[in-house]
Each structure stands twice: as C-alpha cells, then as structure tokens.
Amino acid sequence: MKRFISFLFVLMMHLVCSSQTIKSEVQIAFMADVHFADVYPELKDLSSDVYTDTVNGKNVLIRSMESQLHSTRLFNENYFAFQAALDDAVERGIKIIAMPGDFSDDGQPMHIKGLKKIMNHYVDKYNVSFFMVNGNHDPTRPYGKQGGERDFLANDGRLQPIMSTDGLYTSSSNGVKPTVISKEISEWGYKEILEELEDDGFFPQKHYTYWETPFSAYTYEQYTYEKAVMASKLGQRIVMKNEPLNTIPDVSYLVEPVEGIWLLAIDANVYTPKSNGDGFNGSGIGYNEVLKYKRYLLKWTEKVVENANRLGKTLIAFSHYPMVDFNDGATDEMKQLFGAKSFQAHRVPDQVVGEIFADMGLKVHVGGHMHLNDTGVITTPKGNTLTNIQTPSLAAYAPGYKIITVGNSDSLEVETIVLDSVTSFNSFFKNYKVEYNFLADNFPDRLWDDTILSSTNYREFTNTHLQELVSWRLLPTDWPEHIRELLVGKTGWQLVKQVYTEQLSEREIVIKLNDKDLAITDFENWTGEDLILDFYRFRNADKIALKDIDATRLKAYHFLFNALLSQPNHETVVPLQQFARIFQKQMNGEESENFKIDLN
C-alpha cells in the first residue's frame, strides 16, 4: 500500500509539473562575442604618457586601427556597442541577458573588471540578470598565462607595446615605442575570471528558482540554495582529479532564472596538454573535441532534457560553439575549393554532434564563436530536430544580438537586432587620423583606407572594417592563387565573357542580358573583388547583408551564377562553378533574421 501511495504521489507531481505554464511572456537577449576591451581602464602601474589621449575626460587606451583591420573583431568600438545593445534590450523590457562566450578579449584583468563595472550598472539600475558561459578567449588557458599586446596606439601615432612581464616582447622598429609593463594585461584563468563574475550565472544565487552543475547530486525536488552553494565550488566541478586534462574545472551549469524556463550553459572549452608537458593548448574547436574529451556533458545534457520534459520546463541551451554546420550545407564544397584549412573549416562540427544532441531531445541551442548570423537545422534519421542559432558578434559585421521570446505556445520566437546606430562609436576617429598620418609619412605600405573615418553609423563602420579585413587578410589567406587570378582585377562584364568563351558572341550575350532586364553597364560597375566582399557579407550576415548590396548588382550575380552552372565543365570554369554553388547556398540558407521554432 505504501508503495502504491508513493507511486500515486509521484504520478500526480509529474502531471502537475508537466502542465506547468510560464506566467507571462519572457524575453531573453543573447549577446555573443562581445570581445569587451576597456578603453578607459584605470591602471595604477602605468604612467599617464602611455595612454593614447584624453577623450570624454578620461584616459584612453586603445589598439591601433591597423591592428583592427587585420583582425576578425574590433577591439575598441565594441566598448560602446555593448552598452548600446544593453540599452536597446532594457528599453524593450528585457531582464535576462545570456552571453555565449568571448565576453572578454583574452580574459585580461583590466577588461574583465571593466566589463563587470558596466554589467553592475545595468544590474543596479534596471534589475537585469546576466548569465554567462565562457569562450576560448575567456580564458585563453585554464590557469591563465602571461601576455600582452604589441599594438596599442600611442598619442603620436606609433605603436605602444604593453606586456604583463619583462622579456615577452622587445620592439625593434622606430614605429614602436619601448615596451611598458602592467600586470593588468596578463591573461586570467578560470579561477580569477569566475571570482570576478561570480554573480552572473556561474554560481547559484538565492533568487534563482533552481541551479545545478554536471556534478551536483541533488534532484529538482531536493533542491536548496545551500546544497547548490556546496556543489558550485570549483573543486567539486572536476571529473577526475588524477589525469592532467581532468584537473581543469568545468563551469557548465543549468539555471531556472524565472519559473518555467531553463537555461543550459555548456562549457565546451577543451584545453589539451601540450606534447612537451609545458602547459595546455588553447581551446577553439568546440564540440568535435567535446565528444572526445568531455563525454560526461552528453550524459548530463540528456538528463537535463529528460527532467525538463518531466517538469514541463522550456529548455534553451547555449554555449560558445555551434552544434550544427554553419555553412548552409556548403562545407564540403568549400573544403574542396579553398582547402581543408580555409574558412575555419576545422571549427565546423561533425554531423554526428548535432545528431547526438537532437536524438537526446534537445530542441534549441544558441551559439557564437564564428561571428556569423546563421540558423542551422538538423533532423536525424529518427526524426528528431535541433535548431542551432548562431548569434552575430557585437564586434564585427553585421553587429547585432538575438532575442528569444518564450510564451505559453509550443514555439519560440527569434528576432535579430542589428546595431545600426551606436552612440560615441566615432570617439577615437581623431586618434586614428594621427595614426594614419604617421603611417603615410613613415610606412606607406601599411596605409589603410581612411574612408572608414567617414562612417556615419556603427553598421557602416563594421561594413568598411570587413572590406579592409578582406583586402588585408582574408583574400590573401583564404583564397588560393588560381582562384584569385580568375576573379581579382576583372570587371563583372569580363567575368561574363570569360564564362561564354568561344560559345557566344558579345551580341548574343547582350541579348541574354536584355531578356533579364540587364545591360553591360550593370556588369562594368563592379569587380571580382566586389563579388568576393559581398560573399563575405552574406557569409557573416546572411540576408541582413541585402541592405548593403545593390539590388541590380545582386541580379547581375544571379545571371553570372546561372551562366556558370549552365556551362560544360572545363578547366577555367570549374572553380568558378564551385564558387557559384557555394555563394548560392550562402544566400539561400535557413531563415536567420526573424523566425519561429516549433518545439514539437
């Protein structure tokens, strides 16, 4: 009889919990890859002449524009972009901000402290709660390391190296000032970063409804705040204490910030020991390595999914790394055309990753890392579906964040907010002009396009940043020479004629153009370089890029691609045909701007 009564009690609890509803509509903002750097740090161990300038009444410490244009992320203006995104979120009444990794730039103390200062402002003034998970830049190594940057901008336009200890870098150029030392530019490890951000999801708080780790032993029904505090200690968040890899803490956690919603923060960083035994390699691969080194996370996630279903919770997972291919199905073709190491192909998760998480019942995952606006959907042979939402970076084109709205329906609404306008984004333009003039006088071969200093808004600024990045770094490194020779330096009209070599006369090509309401002039006003840049725009921003690409030019691209794909294969055309297929897939992926996810 006792067993029967106990069974009835459990059954009744299950039915009550299964029918649990969310009291009101809840919105969660996801802000990934902020790469926050404090441009107004208070560094007591540096003299005032090290700073770039005084702007807005504060000492400024910024990286050079040259360094930004060679990087896939901005270092300076994202300081303002982060606050603009937070302002936008609180204006919408959003109280929950989730940050899927790379919230800092290399976990440096000055940046983590500056980030925390800004976050505290929004916590205190707007009652916002932050839920963070670490990325490969925070921390760069599990126990931290010495570090620094060689390319801060001095007030005379030269570079100013700042290192955390002596001997890391010695300048040998008249364009570089002598190295200075500040311990605030070392790179913190797990322990130090979590001590600074202990209130932001990594540890339980009294106002959370529920909180657990992969290693906690209590159930939802047994939960108390005191038990969670004991389980949250870093010494308790380790798989095995005797193997080198497993001495590293795992800071994954599950939290119920408001009744009915579970946020699953997965620490997918994997730091493998160096072969020489001297420390650890950096993270950055993501779930392919999780399957190899952190399989306990799979068992835990499966248990979380089962409990979410049992208790009637809406579960949203987030981590730094994507769970699903982010190339719109073009990965294999990209590897074949550009090479196995181009376009960060090593960071594409194997299909088995998405299938494993989908088959355990996980429906939604939000990732970052790639600085892409993208949606990836995988449906397994068993019929289970996982939607992977890639959140764009606030520090790159097109800058933005995601909002997920959870209500009482069986679907989630996803909205992408693009930061067109950011107050004070041009604060350092006069400093960059000093840098530009210095390079013009001393290093003209390193001179960048100063039209970026004419940007009228933040989106335009990131757009020009991407253009310069493609020119200075991506085109030389990602594109094999034989493909560059087919595209670079040629107008669109030359490309069209190249496609129809020895098949059609110019007059016959013009007739085909007229059938599509196109003319020769619609191909003469853009080049292969423009085509490549627009490819990166689509790759980074998906259909959001349409705002920055002329409609007639896009129509001309479609004509060129269709012409390419209708041609017989021959040596000259095949690489361009492959590129056309890849470009078309990038333009026609899953909806990624505003859409719904059916949880059934």
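Residues are numbered from 1 along each chain as its sequence is written, and side-chain values use heavy atoms, with hydrogens and water left out. Because the model is predicted, local features need pLDDT of at least 70 and side-chain atom pairs count only at pLDDT 80 or more, while totals for chains, interfaces and linings use all residues.

## Helix 18 and helix 20

Helices (H or I, at least four residues) and strands (E, at least two) are DSSP runs, numbered from the N terminus. Helix 18 covers residues 528-541 and helix 20 covers residues 573-587; their axes come within 9 Å and cross at roughly 35°. Axes here are lines fitted to C-alpha atoms, for helices over the stretch in contact, with angles running from 0 to 180 degrees between N-to-C directions. The crossing of helix 18 and helix 20 is left-handed, a term for a near helix turned anticlockwise from the far one by less than a right angle.

On the side of helix 18 the contact is made by L531, D534, F535, F538 and R539, and on the side of helix 20 by F579, I582, F583, Q586 and M587. Contact means heavy atoms within 4.5 Å. The residues of this contact divide into seven nonpolar, one polar and two charged. In this grouping Ala, Val, Leu, Ile, Met, Phe, Trp, Tyr, Cys and Pro count as nonpolar, Asp, Glu, Lys and Arg as charged, and the others, Gly among them, as polar.

I532 also lies in helix 18. How is I532 placed, buried or exposed? I532 counts as buried because its relative accessible area is 1%, where buried means under 20%, exposed over 50% and partly exposed in between (1.4 Å probe, protein chains only). Not counting residues up to four places away in sequence, I532 touches V470, L475, W479, L487 and V488. I532 and F579 are 47 residues apart in sequence, and their C-alpha atoms are 9.9 Å apart in space.

Q577 is found in helix 20 and is buried, with a relative accessible area of 2%. Leaving aside neighbours within four places in sequence, Q577 is in contact with L564, L565, Q567, P568 and N569.

H558 belongs to helix 19 and counts as partly exposed, at 33% relative accessibility. The C-alpha atoms of H558 and Q584 are 8.5 Å apart, for a separation of 26 residues along the chain.

## Pocket and cavities

Rolling a probe the size of a water molecule over the atoms shows where empty space is left. On a 1 Å grid over the protein atoms alone, a cavity is a set of points where a 1.4 Å probe fits but cannot get out; a pocket is an open set with protein on both sides within 12 Å along at least five of seven lines, and lining residues have an atom within 4 Å of a point. Grid points are joined across faces, edges and corners, and a volume is the space filled by probe spheres set on the points.

The largest pocket holds about 580 Å³ of space. Its lining has 28 residues, and T72, Q344, R347, R473 and L474 lie nearest its centre. Helix 13 (458-478) and helix 18 are the elements that give two or more residues to this lining, and helix 13 supplies the largest share, six residues. The lining of the largest pocket divides into eight nonpolar, 12 polar and eight charged residues.

There are five cavities of 30 Å³ or more. The second largest cavity has a volume of about 60 Å³. It is lined by 13 residues, of which A37, R63, F75, H111 and F152 are the closest to its centre. That lining divides into six nonpolar, three polar and four charged residues.

## Backbone features in loops

| Residue or bond | Feature | Angle |
|---|---|---|
| D138 to P139 | cis peptide bond | omega near 5° |
| Y397 to A398 | cis peptide bond | omega near -15° |
| D542 | positive phi, not a glycine | phi near 55° |

P139 is found in the loop between strand 5 (129-133) and strand 6 (148-153). A398 lies in the loop between strand 15 (385-390) and strand 16 (400-406). H369 is in the loop between strand 13 (364-367) and strand 14 (374-379), and is buried at a relative accessible area of 5%. D542 is placed in the loop between helix 18 and helix 19 (551-565); at 2% relative accessibility, D542 counts as buried.
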